[in-house]
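The exercises below ask you to read a protein model step by step, and each task is followed by a worked solution. Try each task yourself before you go on to its solution.

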Amino acid sequence: MLHTLIVGGGLIGTATAWRLAQRGHRVTVVAGDRSRAASQVAAGMLAPVTESTFTETPLMALNLASLERWDAFATELAEAGGRDPGLHRHPTVSVAATPDDAARLRDLARWLADQGQDCRPLTSRELRTTEPLLGPAVRSGLLVERDWSCDNRRLWLALQAAAERAGVRTVAGSVTAVEHDGDRVTGVRTDGGELLPADRVVLASGAWAGGHELPFELPVRPVKGQILRLAAGDLPRLSTTVRAFSQGFEVYLVPRSDGEVVVGATVEELGFDERVTAGGVYELLRDARRVVPVSAEYELTECRVGWRPGTPDNAPVLGPSPLEGLELAVGMHRNGVLLTPLVAELVARSVAGDGLDPLARPFTLARFAG
Ligand SMILES: Cc1cc2nc3c(=O)[nH]c(=O)nc-3n(C[C@H](O)[C@H](O)[C@H](O)COP(=O)(O)OP(=O)(O)OC[C@H]3O[C@@H](n4cnc5c(N)ncnc54)[C@H](O)[C@@H]3O)c2cc1C
């Protein structure tokens with residue numbers, strides 16, 4: 001039986017471990033520090049349409065392919081893990097607060113229409129019927145029915161349960177070195193000094209992936225995001241995810257089924273800076289209130305920092321590496337929750353020797369060569 005070792009127990013490492021165990025591999029996850037994982041802080045939008053930008057057409061195709069898998073994935077996972085993976089099938093409205101913001105939204109709508117994406121412009125009245133909590137500043141918007149969301153914390157617990165039931169072994173601690181005999185990976189060494197031999201190693205270490213000592217360069221960097229959690233309590237609750245252009249800034253509010261609302265997020269190139277700043281929190285709350293005024297009455301329950309695993313083209317790095325037996329599942333950047341079902345499937349397939357799926361081919365490390 002092949003022994004596969006996974007470096008990193010975030011959403012990507014855990015989902016890949018589960019898929020490999022289902023394929024009959026012996027799987028060990030060296031989990032790292034789960035409290036610092038992006039998978040813990042993320043907002044959980046499954047938003048291939050509203051998250052897309054003009055320069056990221058190949059990534060959009062990958063994101064859409066993952067969204068297509070979500071329904072079946074959530075159903076299978078709920079059964080396998082015995083826990084609700086937190087999928088919410090409510091739509092997203094993308095809205096604008098000022099005439100300049102509205103112009104930006106129109107550009108986005110035109111581009112999405114060019115890409116054949118389903119988004120419907122809404123009148124002011126239609127917007128309020130769809131999301132009654134929008135404030136008076138909001139005049140225009142787009143409805144995207146299939147941009148859903150998922151409570152990533154529930155998802156992660158469900159994946160951990162499914163992986164455990166499938167026989168995945170999880171060990172605490174971190175990997176300090178990927179061991180190899182020149183061309184081929186042989187295992188990993190942990191911070192406890194232990195040498196864990198393996199036939200295959202999957203790197204799923206999120207924003208930390210660029211820091212391993214490897215015989216090749218892996219261009220992954222941390223992109224800091226500050227993010228807040230509010231509790232609606234007895235106050236009126238959002239029924240859709242709201243994404244807004246607001247006086248040149250961007251903010252989103254993602255509702256959970258228990259009345260929690262996730263408000264995010266800053267985008268900062270500051271390495272592993274851990275600070276929650278007054279300015280970051282102020283701007284998020286200011287923009288959230290402009291778009292959804294009642295949010296100012298909600299209880300502020302959490303302010304966190306997380307690090308997106310960024311790459312030069314904002315797309316993941318998947319599949320084989322120059323070191324035989326070392327497979328890559330890194331660089332999910334802003335879309336790691338959305339990409340969890342698809343990336344786990346693609347990477348498990350590659351690790352198992354079934355070759356690289358055509359969907360993954362544009363996203364290998366080779367694209368950065370030279
Ligand atoms: C503020 C914010 C909001 C986001 N919102 C969304 C969203 O709405 N939708 C979406 O799809 N995505 C979102 N993302 C992105 C998403 O969170 C990430 O892409 C995804 O969680 C990456 O998962 P991962 O498993 O690759 O990395 P992580 O979740 O970061 O997990 C990596 C794990 O590897 C461990 N590790 C690191 N080094 C080692 C080592 N040497 N040995 C062992 N373990 C190690 C770490 O401790 C960590 O636990 C957001 C991210 C942030 C920061």
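Helices (H or I, at least four residues) and strands (E, at least two) are DSSP runs, numbered from the N terminus. The model is predicted, and local features therefore need pLDDT of at least 70, side-chain atom pairs count only at pLDDT 80 or more, while totals for chains, interfaces and linings use all residues. Residues are numbered from 1 along each chain as its sequence is written, and side-chain values use heavy atoms, with hydrogens and water left out.

**Exercise 1.** Find the element in which Thr 340 lies, and decide whether Thr 340 is buried or exposed.

Solution. Begin with the place: Thr 340 lies in helix H8. Next comes the accessible area, where buried means under 20% relative accessible area, exposed over 50%, and partly exposed in between (1.4 Å probe, protein chains only). Thr 340 has a relative accessible area of 0%, so it is buried. Finally, look for a polar contact, that is, a pair of N or O atoms within 3.5 Å; within protein, one must be able to donate a hydrogen and the other to accept it, and residues adjacent in sequence count only if both atoms are side-chain atoms. A polar atom of the side chain of Thr 340 lies 2.7 Å from the backbone oxygen of Gly 336.

**Exercise 2.** Describe the shell around the ligand, using the definition that a residue is near a molecule if one of its heavy atoms lies within 4 Å of it.

Solution. First, the shell holds 39 residues, of which Ser 39, Met 45, Val 175, His 333 and Arg 334 come nearest. Second, sort the shell by class, where Ala, Val, Leu, Ile, Met, Phe, Trp, Tyr, Cys and Pro count as nonpolar, Asp, Glu, Lys and Arg as charged, and the others, Gly among them, as polar; this gives 22 nonpolar, 13 polar and four charged residues. Third, turn to the backbone: a polar backbone atom of Asp 33 is 2.9 Å from an oxygen atom of the ligand, one of Val 175 is 2.8 Å from a ligand nitrogen atom, and one of Val 337 is 2.9 Å from a ligand oxygen atom. The ligand on its own has 1,000 Å² of accessible area, and the protein covers 96% of it (Shrake-Rupley method with a 1.4 Å probe).

**Exercise 3.** Explain why the ligand lies between domain 1 and domain 2.

Solution. Domain bounds here come from an automatic or database domain assignment. Domain 1 (3–47 + 153–220 + 312–368) and domain 2 (92–145 + 222–308) both give residues to the shell around the ligand, so the ligand lies between them.

Terms used. Near = heavy atom within 4 Å.
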